[in-house]
Amino acid sequence: YGLKANGIYLLEGDDDAGQPITAGVALGKHDFGTQALKNLAAVYVGVSSSGKMLLRVGDGKNTYTYMSRRADAELRVQRFDPGRGLRTNYFTFDLVGEGEAFELDNVTFNVAASNRKI
């Protein structure tokens, strides 16, 4: 099902007007409880999927895409290794599946705050 301002819609079919349908979830914007600049060392996602997962990480200026190390049809923890130079106050995250669907259990962010605020 999909939700818009004017109602709830049943989503069905193999494509969206000829374009492949990708499963995904927006995880929002996070400051992880501090205004300090932060480095993102790793992201761990408990997920089962038919294909590899992609994590899109935004730093307010650019968006970077990282692929999971592996895929597993069983519920397992997948690791993402963001770029070492990625530093910001607020991160945005989107999780997208390369396969048809995925089941998401949890997301853990390995974040290290610096002593600098800006």
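**Around strand β11**

Leaving out neighbours within four places in sequence, Lys52 is in contact (heavy atoms within 4.5 Å) with Met67, Ser68, Arg69, Arg70, Ala71, Val96, Gly97, Glu98 and Gly99. This is a predicted model, with local features needing pLDDT of at least 70 and side-chain atom pairs 80 or more, while totals for chains, interfaces and linings use all residues. Residues count from 1 along each chain as its sequence is written, and side-chain values use heavy atoms, without hydrogens or water.

Back to Lys52: this residue sits in the loop between β6 and β7 (strands are DSSP E runs of at least two residues, numbered from the N terminus). The C-alpha atom of Lys52 is 7.8 Å from that of Arg69, although 17 residues separate the two along the chain. Lys52 has a relative accessibility of 29%, so it counts as partly exposed (under 20% is buried, over 50% exposed, and partly exposed is in between, with a 1.4 Å probe on protein chains only).

Two of those contacts, Val96 and Gly97, belong to β11, which spans residues 91–97. What's it like for that strand? Five of its seven residues are buried, so β11 is largely enclosed by the rest of the structure.

Which strands pair with β11? β5 does, running antiparallel and joined to β11 by six bridges (pairing takes at least two DSSP bridges). Within that pairing, Lys29 faces Thr92 of β11. β7, residues 53–58, also pairs with β11 in the antiparallel sense, again through six bridges. There, Arg56 has Asp94 of β11 as its bridge partner.

Now for the rings. The model has five aromatic pairs, counting Phe, Tyr and Trp (six-membered ring) with centres within 6.5 Å; planes under 30 degrees apart are stacked, over 60 edge-to-face, the rest tilted. Phe32 and Phe93 have ring centres 6.3 Å apart and planes at 70°, so this pair is edge-to-face. The pair ties together distant parts of the chain, 61 residues apart: Phe32 comes from the loop between β5 (24–30) and β6 (38–49), and Phe93 from β11 itself.

Conventions:
Helices (H or I, at least four residues) and strands (E, at least two) are DSSP runs, numbered from the N terminus.
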